[in-house]
Amino acid sequence: LRIVQMPEGTMVCNLGEKTGDRGSLARTSGNYAIVVSHNPDTHKTRIKLPSGNKKVVPSSNRAMIGIVSGGGRIDKPLLKAGRAYHKYKAKRNTWPKVRGVCVNPVEHPFGGGNHQHIGKASTVNRYKSHGRKVGLIAARRTGRL
């Protein structure tokens, strides 16, 4: 349904950001956007996104009325390493996260040594080479004052 046909305050999902992009906003589980206002002069509609930001999109864009199913999915803990393994296997290679101090010095700048310590400052200059740029990159401030 086109957004221009929806009354203000309607909860929508799978909302097109540009005309004809087949829905790109408010698509994850339990999320929805709200139609805030229509401007018939400019053919634009103001939308409140799940993040709280407001966005202006063309009124001719389409959206689905309602909210996405599967809300509360992240409230339940994963409990087992196997469930985390399968969750991230479907996404990208970000699990497990091995700390830099655990590995050998050939694998990470913080690796090696007889105890698990970084052994150098964890803050690093923005203009260092790519292999050295680990830790707090160009930190304005750290936890220590």
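Colleague: Let me start with Tyr-32: why does Tyr-32 count as partly exposed?

Modeller: Tyr-32 has a relative accessibility of 32%, so it counts as partly exposed. That label covers values between the buried limit, under 20%, and the exposed limit, over 50%. Keep in mind that this is a predicted model.

Colleague: Thanks! Where is the place of Tyr-32?

Modeller: Tyr-32 lies in the loop between strand 1 and strand 2. Together with Met-11 and Ile-67, Tyr-32 makes a nonpolar surface patch of about 260 Å².

Colleague: Now the sheet, please. How do strands of a sheet pair?

Modeller: Strands of a sheet pair through backbone hydrogen bonds, in either a parallel or an antiparallel way. Here five strands make an open sheet with the order 4-3-2-1-5, and the pairing is antiparallel. Strand 4 and strand 5 (64-65) are the edge strands, each pairing on one side only.

Colleague: Which residue in strand 2 stands opposite Met-11?

Modeller: Ile-34 is the residue opposite Met-11. Strand 1 (residues 11-13) pairs with strand 2 (residues 33-39) over two bridges, in the antiparallel sense. You have already met Met-11 as one of the residues in the nonpolar patch.

Colleague: And how many bridges link strand 3 and strand 4?

Modeller: Five bridges, again antiparallel, join strand 3 (residues 44-48) to strand 4 (residues 54-58). Within this pair, Thr-45 stands opposite Val-57.

Colleague: What do strand 3 and strand 4 form, and which residue in the turn has a positive phi?

Modeller: Strand 3 and strand 4 form a hairpin, with five residues between them. In the turn, Gly-52 has a positive phi of about 100 degrees.

Definitions and conventions. Residues are numbered from 1 along each chain as its sequence is written. This is a predicted model: local features need pLDDT of at least 70, side-chain atom pairs count only at pLDDT 80 or more; totals for chains, interfaces and linings use all residues. Side-chain values use heavy atoms; hydrogens and water are left out. Two strands pair if DSSP finds at least two bridges between them. Helices (H or I, at least four residues) and strands (E, at least two) are DSSP runs, numbered from the N terminus. Patches are made of residues with over 30% relative accessible area and no salt bridge: like charges are joined within 9 Å, nonpolar side chains (Val, Leu, Ile, Met, Phe, Trp, Tyr) within 5 Å. Accessible areas come from the Shrake-Rupley method with a 1.4 Å probe; for residues, only the protein chains shown count as cover. A salt bridge is a side-chain nitrogen of Lys or Arg within 4 Å of a carboxyl oxygen of Asp or Glu. Buried means under 20% relative accessible area, exposed over 50%, partly exposed in between (1.4 Å probe, protein chains only).
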